[in-house]
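Hi there,

I am handing this structure over to you, and I hope you enjoy looking through it. Please open it first and then read on.

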Amino acid sequence: MSLVQVTDLSVEFGDLRAVDGLSFRLQQGAALALVGESGSGKSTVASALLGLHRGTGARVGGSIEVAGTDVQEASDDELRRLRGAKAAMVFQDPLSSLDPYYAIGDQIAEVYRVHTRASRRAARARAVDVLDRVGIPDAQRRSRSRPHEFSGGMRQRALIAMALACEPDLLIADEPTTALDVTVQAQILDLLHTLREETGMGLLLVTHDVGVAAESVDEVLVMRHGRVVEHGRVGAVLGAPKEPYTRDLLAAVPRVDASRAPSEASEEVVLEAVGLRREFGRGKRAFAAVDDVSLTVHRGETLGIVGESGSGKTTLGRMLVGLLEPTVGEVRHDGHARVGVNPAVQMVFQDPVSSLNPRRSVGESIADPLRARGERDEGRIRGRVRELLERVGLEAAHYDRYPHEFSGGQRQRVGIARALAADPRVIVCDEPVSALDVTTQAQVVALLGELQRELGLALVFVAHDLAVVRQVSDRVAVMQRGRIVEQGPADEVYDNPQDPYTKQLLAAVPALDPEVAARRRTARRELTAA
Amino acid sequence: MSEALVATEAAGTGVEPVPGPSGARQFWRRLRTQRAALVAAAVVALLVLVALAAPLLTAIEGQDPTTYHPSLVDSARGGVPIGSFGGISGDHWLGVEPQTGRDLFARLVYGARVSLGVALAATTVQVLLGVVVGVAAALGNRWVDQLLSRITDIIVALPLMIMALALLAIVPGNFPRPVLVSLIIGFVAWGTIGKIARAATLTLKELDYVAAARLSGWGTWRIARRDLLPGLAAPVITYAALMVPANISIEAALSFLGVGVKPPTPSWGQMLSAANVWYQAAPQYLLLPAGALFVTVLALTVLGDGVRTALDPRAASRLRVGTGRKSENKAGKEGTA
Amino acid sequence: MSGFAGFALRRAVGAVLTLLALSVIVYVVFYATPGNVAQITCGPRCSPEQVHQVAQQLKLDDPLYLRYWHFLEGIVVGQDYSTGTSVAHCSAPCLGLSYQSDQQVMQIILTKLPVSLSLVFGAMVLWLLLGVGTGVLSAWRRGRFSERALTGVTLAGISTPVFVIGLVLMIVICGQLELLPFPEYVAFSDDPEQWAWGLLLPWVTLALGEAAYFARLTRASMLETLAEDHIRTFRAYGVSERSIIGRHALRGALAPIIALNANDFGSAVGGAVLIESLFGLPGIGQELVHAVNVVDLPVVVGMVLVIGFFVVLANAVADVLYAVADRRVVLT
């Protein structure tokens with residue numbers, strides 16, 4: 001008997017068909033990944049397995065059988081007995097997925113008692129057990145902490161501990177590492193792998209990241225618009241995809257091991273940071289987000305700045321464009337120290353939603369730098385904006401449309417057009433593609449490259465994704481806790497890292513080839529064992 | 001009833017990042033879908049019309065709110081109106097006041113003028129003061145912010161009823177009372193709207209499109225006017241819509257205590273306090289202003305709820321969860337970060 | 001826990017400063033108004049001699065800050081007053097003398113305070129139980145008929161001014177049905193049973209409107225919590241709806257309820273003024289209305305400050321409780 005048997009599943013929210021005729025089966029102890037971009041319906045499938053759509057107004061059709069329970073026909077009580085006991089779920093954002101008001105041990109104990117009728121004391125002991133099992137140091141004491149007292153990775157471990165509490169047959173992990181830094185992601189994926197080896201439970205992994213899937217499962221199911229695109233052994237699907245969509249998807253995934261054709265950088269320094277330091281807070285709570293950072297940006301080149309969350313990369317980017325003043329040090333344009341913003345240094349922002357004023361047409365937003373410069377001739381303004389819109393791959397007629405009419409990738413293009421309107425020499429891109437799907441990501445990255453070649457722009461590309469940074473950068477600076485730990489030509493840094501932190505980062509990047517992934521995992525395990 | 005209560009209820013109202021193209025059009029579209037709010041809006045419109053047309057309506061009736069009709073009350077029985085149902089007749093549509101014989105219909109419609117006029121004027125003062133102080137605090141430097149925020153805190157701590165009562169004691173009697181009551185409510189109870197405006201401005205200020213406007217080369221004033229103030233409209237209007245009924249209650253309460261609007265100007269609260277002892281002999285004298293107050297405050301509150309729902313769809317969908325009318329669209333939220 | 005103690009201490013200092021600022025504002029507003037302060041202070045029925053006497057007593061020739069300083073001094077260390085023939089000592093905290101009765105303002109307030117405190121705190125117990133209970137019930141029964149009915153009732157509750165509720169209740173219950181005697185105040189120390197019976201109607205009156213607000217707030221913030229991700233976690237782990245509502249959603253709604261209760265205190269005091277006037281209870285509110293009507297300024301100022309003291313105290317206590325209830329808040 002198979003662990004999960006889904007036949008002709010469909011889920012509709014109002015008029016929207018999120019999942020459409022999906023069938024798959026998962027054997028006891030096997031691991032399957034649902035891979036797809038946003039809107040593919042993959043998370044909806046995960047929720048449907050536990051009957052979580054019940055009572056929300058969504059219409060679920062087809063049949064779902066999980067660990068011997070017919071989810072569609074089960075009574076509410078039967079469904080509750082399935083949830084957590086036979087099939088447990090781990091969610092994307094570990095902070096919001098735990099109750100902020102109760103100790104983590106108590107929350108695990110509560111779930112355990114729902115299914116076992118154990119005494120309070122026994123349940124509490126079980127909670128400490130599983131916390132210890134997922135690698136929480138000093139589990140007895142830490143079980144009394146609340147979620148906000150844990151780091152992101154620890155929280156995800158705690159959530160996994162909750163899932164383990166009742167020894168389920170199936171673990172459903174919905175984007176379990178998306179909110180985490182890459183080094184923590186590697187630890188969590190390794191943990192999942194180890195637990196699966198030890199307990200023999202089945203795994204259903206939902207992810208947008210092909211690399212994460214390659215690291216963790218035996219089988220892959222690629223989804224698009226609620227339908228199956230391709231389904232098979234992970235090595236086969238990722239190694240020799242049959243469907244065009246799978247091929248496009250894989251082609252769009254940036255590779256951390258592929259070097260880039262160098263751009264035509266000159267020796268002329270357009271932007272320079274000297275000894276930048278920026279402190280936040282006052283008195284005892286003061287800390288330096290950026291500390292003693294110096295760098296140069298040459299005309300026509302791309303400088304990548306890579307770091308995990310809290311490394312200070314965004315603060316550095318904001319200082320470079322003059323939105324933030326450094327506490328110590330200075331920013332120089334063409335050799336002259338500058339204070340405040342300057343049209344010659346522009347920025348492309350991370351969040352395509354908040355970077356455009358929702359109440360103004362995109363044309364007006366793009367025209368901002370022109371008008372601010374003193375241009376009064378409406379005809380010339382409109383003409384230039386239309387030209388820019390076309391240049392970034394939109395239509396001139398989009399002038400009078402509003403931001404909400406555009407997709408995330410299109411809004412990023414509008415943001416790029418607005419930056420170009422100021423005729424900048426440097427554009428600082430702060431995580432410009434991290435909110436986008438991988439295929440859109442590739443398009444935006446390509447656009448930036450074209451513009452750079454055409455206009456001789458210097459780009460500073462700030463991102464957390466090592467592969468994307470390698471894809472676009474001539475030179476790379478690696479940041480950790482406000483400092484640059486390593487800086488140099490991209491190929492040198494990636495192929496021959498000197499700093500231990502850079503090595504650690506690169507080792508944590510998921511590989512697309514399952515065999516390579518397995519080798520790396522062994523290497524990481526030996527590293528931690530040693 | 002209390003500005004603080006309304007404030008805490010409205011406090012969940014955040015700044016909405018994506019309201020779409022023209023906030024106004026979308027607002028009407030969302031408001032139109034709420035039947036209760038529409039009915040309430042119609043009632044409010046009717047009340048406003050009655051208040052505006054008070055002189056006309058009383059002229060049609062052929063009465064005015066201040067003329068005494070001693071012949072219509074039975075002085076032997078302590079001034080009870082002569083005739084059935086409190087003296088209702090073709091001349092006096094809703095009967096007359098005990099003791100004085102003044103026309104109740106006229107007093108009721110003129111009372112609507114006072115009630116709505118004071119509430120709207122007070123709300124306007126509150127909104128203006130609150131927005132100016134709140135925005136200044138959010139945009140000013142650390143010291144300006146500290147100073148204005150502390151002042152706002154103190155204002156919030158002032159109990160409105162008590163302050164209004166006390167202040168009404170010291171202002172000379174010849175100052176026009178309705179104006180005075182509006183000003184006092186306005187100046188004592190702007191604190192919460194100030195806090196809301198400050199919080200909303202701080203949120204807006206951090207949005208990337210404001211940073212982008214700075215990078216374009218615009219100055220603070222232009223950014224404040226074009227990128228910040230329009231974003232403030234939603235939270236401020238939401239709160240103001242709930243303030244109006246609260247202010248109506250406050251005015252009625254002050255007049256009920258005899259310190260608000262003074263005779264001979266008619267006001268509902270005043271009528272209620274006079275009617276207190278007449279409930280057996282002339283029940284409609286009590287029921288009319290009580291009913292008018294109830295309907296007015298109820299309609300404005302329902303309308304305020306509707307406005308909030310229309311302006312803050314996030315709250316709306318939250319309140320709609322699981323009612324089976326419309327499910328939350330989970331597919332929209334799914335996928336990657 | 002030292003961070004928490006520090007927070008509580010800072011909050012206490014803040015409360016004292018707020019009170020000080022409040023006293024300045026109140027003093028300046030009431031004693032620096034244009035017009036003959038002595039005349040206003042003494043009241044419209046004073047003879048010219050009395051007005052002159054008041055002017056001397058108030059030391060109106062002194063600059064305002066000096067007079068304020070004396071006022072403050074009176075509160076901290078007490079003050080001596082000459083009432084024409086004899087000198088009376090007004091011990092700290094001294095808020096001055098009433099010009100209507102020559103009684104010490106503090107004395108007047110102290111005799112009236114038990115009535116108002118009985119009224120407000122008794123009603124508070126009622127409105128918290130009633131309001132939170134209704135809110136939890138309507139969050140639990142969401143989408144069903146019983147929730148719609150509760151929503152309608154609470155809407156009617158907040159739409160009826162407190163004195164209208166009081167009037168109607170008094171007329172129906174005491175006048176028509178004669179279920180209860182007309183409210184009157186009997187001191188708790190004299191007869192606790194009579195105390196409770198006499199205050200029952202005023203408590204209910206004050207509590208009904210407030211309870212409606214609390215029901216709305218509780219429902220709204222529970223629904224907000226119910227929409228959060230962690231609720232989904234517990235649903236996905238088979239925890240029953242009853243536990244989710246009673247344990248997780250209610251816990252999330254607790255902090256806003258505490259915050260509202262503090263904010264609400266000021267308005268409840270305002271409601272108490274109305275109720276005291278309506279039912280003829282001899283509390284601070286009734287005294288304040290009286291003092292306002294006869295323009296007895298020292299009493300008005302004293303009452304405003306004492307009420308302000310309670311409101312500021314309530315806010316400070318609530319802030320500390322809020323920090324305890326919501327450990328996520330950053331203590332500053």
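Predicted model: local features only at pLDDT ≥ 70, side-chain atom pairs only at ≥ 80, totals over all residues.

Residues are numbered from 1 along each chain as its sequence is written, and chains are lettered from A and ligands numbered from 1 in the order in which they are written.

Chain A has 19 helices and 20 strands (DSSP runs numbered from the N terminus, with H or I over at least four residues for helices and E over at least two for strands). Its C-alpha atoms fill a box of roughly 75 × 50 × 45 Å along the principal axes. Of its 530 residues, 51% count as buried, meaning that 20 or more other C-beta atoms, placed from the backbone, lie within 10 Å of the residue's own.

Seven residues of domain 1 and six residues of domain 2 take part in their contact (C-beta atoms, placed from the backbone, within 7 Å). On the domain 1 side, α7 (182-199) and α10 (244-252) of chain A give two or more residues each.

Strand β13 (residues 302-307) of chain A is worth a visit. Six of its six residues are buried, so the strand is largely enclosed by the rest of the structure. Thr302(A), Gly304(A) and Val306(A) point one way, and Leu303(A), Ile305(A) and Gly307(A) the other. In general, side chains in a regular strand alternate between the two faces of the sheet. Five bridges join β13(A) to the parallel strand β18 (residues 458-463) of chain A (pairing takes at least two DSSP bridges), where Ile305(A) stands opposite Val462(A). Another parallel partner is β19 (residues 475-480) of chain A, also joined to β13(A) by five bridges; there Gly307(A) has Met479(A) as its bridge partner.

Finally, the contact between chains C and B takes 51 residues from chain C and 45 residues from chain B. On the chain C side, α10(C) gives the most, with eleven residues.

Best wishes

Technical notes:
Contact = placed C-beta atoms within 7 Å. Buried ≥ 20, exposed ≤ 12 C-beta atoms within 10 Å, placed from the backbone.
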